[in-house]
Amino acid sequence: MAFQEYVRSLPELDLRGGPSLSYRLHIDVPLLLMLLMVCLGGLVVLYSASGGSAVMVEKQAMRFGLAYIIMIVIAQMDPRVYARWGLGVYVVGNALLVAVLVMGKSGKGAQRWLDLPGLPAFQPSEIMKLAVPIVLAWYLSRNPLPPKLKHLFLGGVGLLIPTALIVQQPDLGTSLLIMISGIFVIYLSGISWKLIASFVSMALAMGPVMWFFVMREYQKQRVLTFLNPESDPLGAGWNIIQSKTAIGSGGIEGKGFMLGTQSQLDFLPESHTDFIIAVLGEEFGYIGVMLLTTLYLAITIRGMIITVRARDSFGRLLAGSITLTFFIYVFVNIGMVSGILPVVGVPLPLISYGGTSIVTLMTGFGILMSISTHQKL
């Protein structure tokens, strides 16, 4: 409580005595600057990871430009707009997930994409990354907090429906991240530690059920490879062994820009997507990785300050979930590349090559800016 009161008491920099220009434009300047630094650094690393492909960097820069426009547009809307739209987006998102299972586009052993006439192919699961925390924050904030058991039960059902649909695609990584985003909303609503302990016990008890009846063979192989990657060094363990070699060989200062052997000689698979931080570690060393993680941590801290300052329960629950889920994205990617977590196919936020995940992330940051600036006006 003391920390919350302290954060709320911090004044915003305003030399004219009224709302600053950035707040009238609904832009959170500290958050914007930190995001720009991460994106610019990401383009530099991507250029090396792609083997000096200017085309790939230009495409990524265009995606960043589009994502920033979307973020600023989203920031203009009052957070109550998202509360009103949340349930509708959630229902449409679940309908699209069902459509994926019926008529989705298949690729690499999974059916995750929807290719509708007149629209580019997209992953409906990306919509649920924001729809789930929005609808849960809206539902729980409509009632007194901490929530009663019946509200927790209905919220849990609403969380499990999209999670189960995404597991069927199969996309275990995305389903786990969406479940985590909903769990953060429930946790921030103020539930007791006894309930938290009960939920953790239930999750642990579900482990054998997941292993024998839910997880596919390739997902089980990822877990086994995580436990002992050297058991199949030329097969399933290749990615982890090469990524750990790349990170370790970078040392403190790194080998230098575009001088990494593992990435430049194509020993490191997926070097421009999921394993891009291994390129950063090899070429810029421990110092480069620490600079990036410091920026990520600063973004997370700014998000938590916005959470504490939010004007109502809906804003606090939603901002907290978006911020903590972003942190989990970073932790999972770095953890799987460094070998402390199984590989689940989670890109490194704002660094890995790709369009859909960037737009989703920046939309979330637009909502954070909306919560940050509207509560001051």
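**Notebook: cores, a surface patch and confidence**

I looked up the largest nonpolar core first: it has 79 residues, and L35, L350, M362 and F365 have the most contacts inside it. I take a nonpolar core as a set of buried Ala, Val, Leu, Ile, Met, Phe, Trp, Tyr and Cys residues joined through side-chain atoms within 4.5 Å. Buried is under 20% relative accessible area, exposed is over 50%, and partly exposed is in between (1.4 Å probe, protein chains only). Helix α14 (residues 276–309) gives this core its largest share, 11 residues. Helices (H or I, at least four residues) and strands (E, at least two) are DSSP runs numbered from the N terminus.

This is a predicted model, in which local features need pLDDT of at least 70 and side-chain atom pairs count only at pLDDT 80 or more, while totals for chains, interfaces and linings use all residues. Residues are numbered from 1 along each chain as its sequence is written, and side-chain values use heavy atoms, with hydrogens and water left out.

I then listed the contacts (heavy atoms within 4.5 Å) of F365. Not counting residues up to four places away in sequence, F365 touches L31, L35, M71, I299, F326 and L350. I also found a second, separate core of 7 residues, including L177, F184, V332 and V346.

Next I checked T325, in helix α15 (residues 313–338). Is T325 buried or exposed? T325 counts as buried because its relative accessibility is 10%. Neighbours within four places in sequence aside, T325 is in contact with L177, S181 and F184.

On the surface I noted a nonpolar patch of I252, Y286, I287, M290 and L291, with about 510 Å² of accessible area together. Patches use residues with over 30% relative accessible area and no salt bridge; like charges are joined within 9 Å and nonpolar side chains (Val, Leu, Ile, Met, Phe, Trp, Tyr) within 5 Å. A salt bridge is a side-chain nitrogen of Lys or Arg within 4 Å of a carboxyl oxygen of Asp or Glu. Areas are Shrake-Rupley values with a 1.4 Å probe; for residues, only the protein chains shown count as cover. Y286 is found in helix α14 and is partly exposed, at 49% relative accessible area.

Of its 377 residues, 47% count as buried.

Last, I read pLDDT, the predictor's confidence in each residue from 0 to 100. The chain averages 85, and 90% of the residues score at least 70. Over residues 13–18 pLDDT stays under 50, and the model has 5 contacts there beyond four places in sequence. Where pLDDT is low, the predicted coordinates should not be read in detail.
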